[in-house]
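Please look over the sequence and the structure, then read the notes below.

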Amino acid sequence: NEGLNQARVWLQQAQSVVALTGAGISAESGIPTFRGPGGLWRDFKPEQLATPEAFSADPELVWEWYEWRRCLIAAAQPNAGHLALAAFERRAPDFVLVTQNVDGLHDRAGSERVVKLHGDIWIDRCVECDGEETVRFDNARVVSSHLCGCGGLLRPGVVWFGEALPLDAWHSAEQAVRRAEVVLVVGTSSVVYPAAGLVPLAKSAGAKVIEVNPEETAFSGEIDCCLRGKAGEILPALLG
C-alpha cells in the first residue's frame with residue numbers, strides 16, 4: 001500500500017509521463033505471449049516463424065500463423081489495464097505510450113499517443129513497393145489477400161527477429177523517455193533489446209520508474225517502485 005500510494009502521488013504530480021508496455025498486459029486479455037506456455041503453434045517456436053528467412057522460405061506457413069494470431073486478437077478485448085492507460089493519457093499534459101505489443105489493444109482502448117516499437121499486426125506491408133494497407137476483420141474473420149496492388153507479396157507489418165526497429169518510432173520513444181518525470185513499465189520482462197534499454201535511459205534522465213509486473217524482472221533492483229500484481233488491478237488503483 002505504501003508503494004502504491006507513493007507511485008500514485010508521483011503520477012498525480014507529473015506533467016510528463018511515459019508508459020512502456022509489453023506482452024504481459026495483453027496476456028491478461030487472453031493473448032498468448034511468445035515466452036509463455038501458449039507461445040507455441042503447431043510445435044513451432046515464434047523464433048522459427050517471425051523471421052525474414054522463414055517468410056522467404058515458406059510465406060504460406062508464416063501467414064497461417066499470423067492469421068491464427070489475428071483471429072485470437074480479434075476475439076480479445078482490452079482489459080482494465082489498457083483502459084486505465086487511456087485514462088492516464090487524457091489526464092496528463094504530456095503522456096506517451098510506448099508499446100512492444102503489435103495487437104492494437106491500446107488503440108481499441110482509446111489510447112491515441114501510441115508509439116509502436118515492434119509494428120502493428122493489423123498492417124500489411126508490400127515486400128516490393130513498401131506500400132502499406134490496414135487489414136479489416138469481417139464477422140470475426142480476417143480479410144486479407146496477401147497480395148499488393150502492385151502484384152508484390154504482402155507481409156505482416158511487424159518487426160521480426162533480426163530486423164531493426166523503425167527509426168521514427170525509436171526516436172519518438174527515446175525523446176519521450178528523456179523528458180519524462182515518471183515512467184511506468186508494465187508487463188514487460190525487460191529482456192528484449194533495444195526496448196529494454198529505455199528503462200536505464202529513464203533512470204539516467206532522472207525519471208521516477210514504476211514497475212507493474214506479477215514477477216521480478218532484470219531491472220527490478222534498480223527501479224524506484226515495484227508493484228507486484230496484474231496490470232488490470234494495479235493501473236486502475238494508480239489512477240486514484
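A contact here means that heavy atoms lie within 4.5 Å. On that basis, among the contacts in the chain with a separation of 6 or more, 67% are between residues 24 or more positions apart. The model is a predicted one. Its secondary structure comes to 10 helices and 11 strands.

**Overall form**

- The radius of gyration of the chain is 18 Å, which agrees with the value near 18 Å that a compact globule of 240 residues would have.
- Taken along the principal axes, the box filled by the C-alpha atoms is roughly 55 × 30 × 30 Å.
- Buried residues make up 51% of the 240 residues of the chain.

- Strand S2 (residues 94-99) is mostly covered, with 5 of its 6 residues buried.
- S1 and S2 run parallel and are joined by 6 bridges; Leu20 has Val98 in S2 as its bridge partner.
- S2 also pairs with S3 in the parallel sense, over 3 bridges; here Val98 stands opposite Val115 in S3.

**Helix H1**

- Helix H1 covers residues 2-13, and its 12 residues should span 16 Å at 1.5 Å a residue; the end C-alpha atoms are 17 Å apart, which agrees.
- Which residues of H1 are buried? They are Leu4, Ala7, Arg8, Trp10 and Leu11.
- Seen down the axis of H1, these buried residues fall within an arc of 160°, so they line one face of the helix.
- Glu2 and Gln13 are exposed and sit on the face of H1 turned away from its buried side.
- The buried residues of H1 pack against several elements, among them strand S1 (16-21), strand S9 (182-186), strand S10 (208-212) and strand S11 (225-227).
- Helix H6 (80-91) and helix H10 (231-239) are also among the elements packed against the buried residues of H1.

**The sheet of 3 strands**

- A second open sheet has 3 strands in the order S5-S4-S8, with antiparallel pairing.
- S5 and S8 are its edge strands, and each pairs on one side only.
- From one strand to the next, the twist averages 40°.
- Strand S4 (residues 119-126) and S8 run antiparallel and are joined by 4 bridges; Asp124 stands opposite Pro156 in S8.
- Strand S8 (residues 154-158) has 5 of its 5 residues buried, so the rest of the structure largely encloses it.
- Helix H5 (residues 59-75) lies across S4 and S8 and runs at about 140° to S4.

**Two loop residues**

- Asp130 lies in the loop between S4 and strand S5 (132-134).
- The phi angle of Asp130 is near 65°, a positive value in a residue other than glycine.
- Is Asp130 buried or exposed? Asp130 is exposed, because its relative accessible area is 51% and exposed means over 50%.
- Phe219 is in the loop between S10 and S11.
- Phe219 has a relative accessibility of 8% and so counts as buried, the cut-off being under 20%.
- Apart from neighbours within four places in sequence, Phe219 is in contact with Ser190, Tyr193, Ala196, Val199 and Pro200.
- One of these residues, Val199, is 20 residues from Phe219 along the chain, and their C-alpha atoms are separated by 7.7 Å.

Conventions. Residues numbered from 1 in each chain as written. Predicted model: local features only at pLDDT ≥ 70, side-chain atom pairs only at ≥ 80, totals over all residues. Heavy atoms only, no water. Expected span 1.5 Å × (residues − 1). Buried < 20%, exposed > 50% of the residue type's maximum accessible area, 1.4 Å probe, protein only. Arc of directions from axis to C-beta. Rg over C-alpha atoms; globule rule 2.2 N^0.38 Å. Pairing = 2+ DSSP bridges. Axes fitted to C-alpha atoms, helices over the stretch in contact; angles between N-to-C directions.
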